[in-house]
Amino acid sequence: PTGYNRIDGAMLAAATDEADHAPIGSDIEKFQLGTWNAVTNPDNNWSDCYRAIRLSALFLQNSENYETIILRDTSTASKLNTYKTQCADLKALRAEARILNAYMYFELLKRFGGVPLIDKLYSRESHPDMERSAYDQVVTHIVGEIDDVLDNDELEDDWYAYDQKQYGRFTQGAALALKSRILLYRASPQNNPSGDTERWKEAAQAAHDLIELSKYTLEGNYGNLFSGTTSHQSKEVILAYMTGANNTPETDNYPIPTNGGKTGTCPSANLVDAYENADGTPFDWNSLTPGDDPYAGRDPRLQYSIVVNDSQWNGRTMQCYDGGADGSGVTQATTTGYYLKKFLTDGLDLEKNQTSVHSWILFRYAEILLDYAEAMNEAYGPDQAPGDYALTALDALQLVRDRASLQLPIVTAATRDEFREAVKHERRIELAFEDHRYWDLLRWKDAMEVLNKPVRGVKVTKTGEGKWSYTQTEVATRTFLERNYYMPFTRSEVENSNHTLEQNPGY
C-alpha cells in the first residue's frame, strides 16, 4: 500500500482527527460520516489481499523444486556462478513470498478480524465454502511463517548491499518489524480484552529482537526523512514502497494558490494543538496573549509536518488568513487553516512538471521503539527492564523524543496508566499522517470516544502588518459506530460462501 492518496485521492488521516480532505465528494467522506457498509466500503482490500495470497502460494508451489527446475548448466565457471546466483535468488524469493503472504493476512486481520485461513491452492470449480478462522489462528499462522523463514535464514539481511537496485524487498528486519506490529495489535485491548500480560511480553520480545539487530538507527533530522532518496535509503527505514520520481503528492497537497496544487489533506487543529511546547508543557490557546505566535517554541516536528500561517513554504510566505491567497474564501483552499508539509518536497515547479523521489515508509525504526515502549510498559511497567532487555519503556520513548529535539523534557510517568497516555501522545505526533492513527484508535478501543468529536480548524484574521488573531472553529463532523471497529465482509462474499462466512456484528 501507498498512503499518499489511498482512498479516492485522500489520505487515511482524513478519516480520523488528524486531518480533513478539502475536495468534496471523495469516498473518504463515508468514513468521516460512518456511512460505509457491507455494500460500499472504500477500504475493502479483500480481493487484492486474497489475490496476493493465492499468487504467493502459486509461486511457492511452482518453485518447490527450483534447484532442478531451472537450467543447470555448470560446464564453465561462469555458468556455475549463474546457476548459484539463480538458486540464491529463488531461495530468497520463496522466503519473501511467505512473508508477503503473512503481510496480506495481517492487512485483512486488522480490518475484518478473523478471516478464512487458506492453506492450499484451489481451482475455481473446487473451491469450498470457507469459514472464518479465529483471530488467534491467523496470528499464529503469520508469526509461524515469519519465525520459520527467519529460523532458516532464508531472507537477505541487506538488499542494498547485495544489489542497489533491490530496495523495497523484504529483509530480515522487515519480517521482524511485521512480527512486532502484529503482536502489538494482538496484545492491544481490541484483541486482548482480558488484558493478558503474556501477550504484551511477546510483543515486547518481538520489538526487542529487532532492536538487538543493531542494524537500524534514527535519522538525525526528522524533517529529512520523508522525501527524496532518504525516504528509502535512511538507516531508519526498514521497508518502504518506492513510487519513483513523480510529483503526485505535491500536486494533490500543495495549496491551490501554488501553480499546479490542488489542496488535499488539511491537518486538523486537533492534531496541531497536540504538539507540545518545547519545554514539554501542553500547548494551550488560553495561555497566549494578543500578538503571540502560537506556533513558535513548539515541538519541532510541527514545523516539519504542517504548514501554518505566515510561515515560509514553496518560496513564499503562506497567507492562511481570511482574504489571504491561501485562506478561506479561496475555492478549495484549506478547510482547517493548515496545509500538509510532511512527505512533500519544498519548491517543486509543477508547471514545469518537476519531480522528486517518493517512497511510502511501511516500517521504520522509530515505530519499533514506540512498539517496544508500549509493550514493555504493559508487561513490566515504565521503568523496568528485566533479563536481557537493555532499554526500559521510558528509555525507548525518550530516544524518539530526543531525536525530535533535545529540548523536549524526559517523560516522568511513574505508573502504567501515565505512561500509556505518554506513548499514545508520542505515536500521534511522531507517526502523524503515516496510516497509524486510525488503526491505533481501533486497537486501543479509543475510536468511539475520539472519532465522534468534530474536526477543528483555526480561523486566522489579519489585524495589522504581521499581526493576526486566531479563533478555533469546527470544520467537520465525525461519526464512528461501535460496529465500525471491524469492517464488514461484502454482501457478495457472504452470499458466494453460501453464508458460511459469518458477517461481523452490526452489518
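This is a predicted model: local features need pLDDT of at least 70, side-chain atom pairs count only at pLDDT 80 or more; totals for chains, interfaces and linings use all residues.
1. Residues are numbered from 1 along each chain as its sequence is written, and side-chain values use heavy atoms, with hydrogens and water left out.

2. A salt bridge is taken here as a side-chain nitrogen of Lys or Arg within 4 Å of a carboxyl oxygen of Asp or Glu, and by this rule the count comes to 43 salt bridges. Side chains of opposite charge can pair when their charged atoms come close.

3. One of these pairs is Lys-79 with Asp-73, whose closest N and O atoms are 3.3 Å apart. With buried meaning under 20% relative accessible area, exposed over 50% and partly exposed in between (1.4 Å probe, protein chains only), Lys-79 is partly exposed because its relative accessibility is 38%, and Asp-73 is partly exposed at 26%.

4. Arg-364 and Glu-236 form a salt bridge with a closest N to O distance of 2.6 Å. Helices (H or I, at least four residues) and strands (E, at least two) being DSSP runs numbered from the N terminus, Arg-364 lies in strand β8 (residues 356–364) and Glu-236 in the loop between α9 (230–233) and β2 (237–246), so the pair ties together parts 128 residues apart in sequence. Both Arg-364 and Glu-236 are buried.

5. A further salt bridge joins the side chains of Arg-443 and Glu-374 at 2.9 Å, N to O. Because Arg-443 belongs to helix α16 (residues 437–443) and Glu-374 to helix α13 (residues 365–380), this pair ties together parts that are 69 residues apart in sequence. Arg-443 is buried at 0% relative accessibility, and Glu-374 is buried with a relative accessible area of 4%.

6. The buried residues of α2 are Trp-46, Cys-49, Tyr-50, Ile-53, Ser-56 and Leu-60. They cover an arc of only 120 degrees around the axis, so they sit on the same side of α2, the arc being that of the directions from the helix axis to the C-beta atoms. The face turned away from this buried side carries the exposed residues Ser-47, Asp-48 and Arg-51.
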